[in-house]
Amino acid sequence: MLDHNKTPLYDALRKHIESRVIPFDVPGHKQGHGNEELQKLFPKSVLEADVNSMKSLDFLGNPISVIKEAEDLLADAYLSDESFFIVNGTTQAVQAMLMSAVNEGDTVILPRNVHKSAINAMILCGAKPHYMYPHFEAKFGMTIGVSLEEVKKAIEEAPEAKAIFLINPTYYGVISELKAIIEYAQCQGLLVIVDEAHGAHFPFHKELPKTAMAYGADMAAVSLHKTGGSLTQSSALLLNTRKIERDHVKTIVNLTQSTSASYLLMTSLDLTRKFLMTQGEKNLEMVLELARNARDKINAIDGLIAFSAKDFNPEGCYGFDETKLGVCVTGIGLTGIHVYDLLRDEYNIQVEMGDSHNILAIFSVGDTEKRVNQLVSALSAIAQKYKREPLDLKFNSFNATAVAYSPREAFYKEKERILITESAGRVSGEFVMIYPPGIPILAPGELITEEICAYIELLKREKGSISGLKDNNVEYLYCIKE
Amino acid sequence: MENWITEAHSDAVHFNVKVKEQLYHGQSKYQMIDIYDTYAFGRLLALDGDIMITEKDEFIYHDMIVHVPMATNPDIKKVLVIGGGDGGTVRELTRYKTIEQIDMVELDEQVVNVCRDYFKDVASGFDDPRVHLYFEDGVSFVSGLKEVYDLIIVDSTDPFGPGEGLFSKGFYENCFYALKEDGILINQHESPYYENDAYEMKRSHANIKRTFDIAKVYQFHMPTYPSGHWLFGFASKTMDPETVDLSTWEALDIKTKYYNTKIHKGAFALPTYVVNMLEEV
């Protein structure tokens, strides 16, 4: 174990600021001089730290000194051989993982509830998806974890697959049969790459689920900015070098990573890693306690279910991240989208997302008991004020559709505009997503079913935030020209 | 050497009070607590540097927060006080023999303990057998209660800090459910004068107005609060404080220093700029 009190990048940045070097390089704001509004919003300390790469501060594209040291510390913290600081969000990390693992025409096995970024990565690299269908928990209207059985079936169906892509955990905190899947898939010669966008806090408390790297996965993408506490857009790609070389991944990362990487973001990764390694256990203990208390209080409210592991079918749930507070609200007669809007517009509370059945509140190291009390208080008020007959939403998954073309083929094929209500039977030429969380209802190249059309109409009625389509009014869909 | 304490009433206005000596300084789990002996106001309690009460002018605040609702409905039996750690509100309530139960929910036990030591008169109501103290977050305390209280008094600090949740819509709605049919909610309603205070006043009023059928605002004069002009909110499901017969209260013959039934009626008459601000929300 390395000394995690060290902060090499932060120290170098501090030293650079103290030396008061005269800047005749970019960024052009030169510590904000001359722009009063900029100075008012961002304190001097922020503008001073917003510098560009230079000798004393290393270069993210080919790190050899303080950035590399900081990356080595991060790799150590996440039990991996190597790490790459990522400044274009976990989307970039996911794309780099897939592009590092597979080439044009290769098959990747992945669950249908992947983030758009994974399918976008396949448009970039030309890989073909072979979907697994995670267990669908009808009472909460969500897809959850993948079992080993499902993975075995997928590998039988697609023996040519080069890699398997997993999500750990899902947006709502559900864990797949991760350990067994990683071991089995690696035995079958597949590379295992894992989207851990929502699991950045896992290694730092013993009662949280294990990370994929702890089970020897080949690569993982961790959104430190999501639940770790670093600044928005800062993330990391983790690598075990048994089968993939660091230099190969570095080349791929550099295809899409900014050559003007932000030192605000990178330094926040350095400080966050130190914080998590030195104070994470204590802080996450508090977060877990807050989340557990909130769950108990919400479950005492008639009509609301703050679900946890015991509420899921064990065939799709092999662990649960208690810091994700998902609440099923259909019992009070409202959709999650409606409650999400009420919380935001009426109660001044922003939760992470609302979907057909649920809302999701993210608990992390920045939360306080008083704020949590306000969330519970608002939910209690909503439950009394708006309570109607429970909703009976029937979506027995919209996911069983066929892939007609690879995402890349579909992306480049000629398309025509079709009314969504008349699009069943055609092949989609674009994404249809609800955002957040950015999980596709349709991806380019997929066959449109009646069920999918109905689901899109329902989301429209409930004013869900549907995105991905060229038509902002969500009436037309671009389909592959027949 | 002269000692002064300063409270910023706005970014550009400071209020200074000359101090004889500092009697207490402590940091609780939630806030910094200071007690000073001052020339002009006697003993003074400050939380996180903001003046909460002083010996000389606390009667104004506590008269107005208690006697306005009590005169509106002298049948009040069960009262919930949220905040009010100094005890002044509870002290005024205990003067009504007709009240059967007074629950006080204060986040910070240390404030109560310190006030018992340094403000013996203000805190004198705490030992009344009808008074029950709960040290927890009032936001949670009222969540889920159904028709329990006749009167809820929100005697809170400002919404910037530990008092934040006591100005939220969810909290006011839960107060609505916790009140009986004739229930009354009184809340600390900030001030119309300085921009920050006025913003919270409007937000608070908007939230209450959308929850209670009757939502009014009344004013009083508070020498140690920013601008000296302060407001309470009066909200209820049925009772209108401006049209109610106040003679029952007169007959109780309760001795007050600020409140009287003429003030009661007059306090709801607000300056035009305040009326306009409240109407626009």
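A salt bridge is here a side-chain nitrogen of Lys or Arg within 4 Å of a carboxyl oxygen of Asp or Glu. The legends below describe close-up views of a predicted model.

**Figure 1. A salt bridge between B:Lys169 and A:Glu346 spans the two chains.** The side chains of these two residues meet with a nitrogen-to-oxygen distance of 2.8 Å. Because the criterion is a separation within 4 Å, the pair B:Lys169 and A:Glu346, at 2.8 Å, qualifies. The interface of chain B and chain A holds five salt bridges by this rule. Polar contacts across the interface of chain B and chain A involve 10 residue pairs, with both residues at pLDDT 80 or more. On the side of chain B that touches chain A, the elements giving two or more residues are α4 (138–142) and α5 (169–178) of chain B. Helix α5(B) provides the largest share of that side, namely six residues. By residue class, the side of chain B that touches chain A divides into six nonpolar, seven polar and seven charged residues.

**Figure 2. Chain B and chain A bury about 1500 Å² between them.** Of this buried area, 37% lies on carbon and sulfur atoms. Three residues, B:Lys169, B:Glu173 and B:Tyr177, supply 28% of the area that chain B buries against chain A, more than any other three residues. In terms of contacts, 20 residues of chain B meet 14 residues of chain A.

**Figure 3. Five strands of chain B form an open antiparallel sheet.** The strand order is β1-β2-β3-β4-β5. Strands β1 (3–10) and β5 (50–54) of chain B stand at the edges; each has a single partner strand, so one side of each is left without a neighbour in the sheet. Neighbouring strands of this sheet are turned against each other by 45° on average, with direction ignored. Within the sheet, β3 (residues 32–38) and β4 (residues 42–47) of chain B run antiparallel and are joined by six bridges. Along this pairing, B:Ile35 is placed opposite B:Leu45 of β4(B). Helix α3 (residues 109–118) of chain B lies across β2 (13–27), β3 and β4 of chain B, at about 90° to β2(B).

Figure 4. Two bridges connect β12(A) to β13 (residues 358–362) of chain A in the antiparallel sense, and A:Met353 stands opposite A:Leu360 of β13(A).

**Figure 5. A salt bridge links A:Arg14 and A:Glu18 within helix α1 of chain A.** The closest nitrogen and oxygen atoms of A:Arg14 and A:Glu18 are 3.3 Å apart. Both residues belong to α1 (residues 8–18) of chain A, where they are separated by four residues, about one turn of the helix. Over all chains, the rule gives a count of 42 salt bridges.

Figure 6. A:Pro27 is located in the loop between α1 and α2 (36–41) of chain A.

**Figure 7. B:Ser227 adopts a positive phi.** The phi angle of B:Ser227 is about 70°, although this residue is not a glycine. B:Ser227 is found in the loop between β11 (214–221) and β12 (229–236) of chain B.

Terms used
Residues numbered from 1 in each chain as written. Chains lettered and ligands numbered in written order. Heavy atoms only, no water. Pairing = 2+ DSSP bridges. Axes fitted to C-alpha atoms, helices over the stretch in contact; angles between N-to-C directions. Contact = heavy atoms within 4.5 Å. Buried area = accessible area lost by both parts, 1.4 Å probe. Polar contact = N/O pair within 3.5 Å; in protein donor to acceptor, adjacent residues only side chain to side chain. Nonpolar A, V, L, I, M, F, W, Y, C, P; charged D, E, K, R; others polar.
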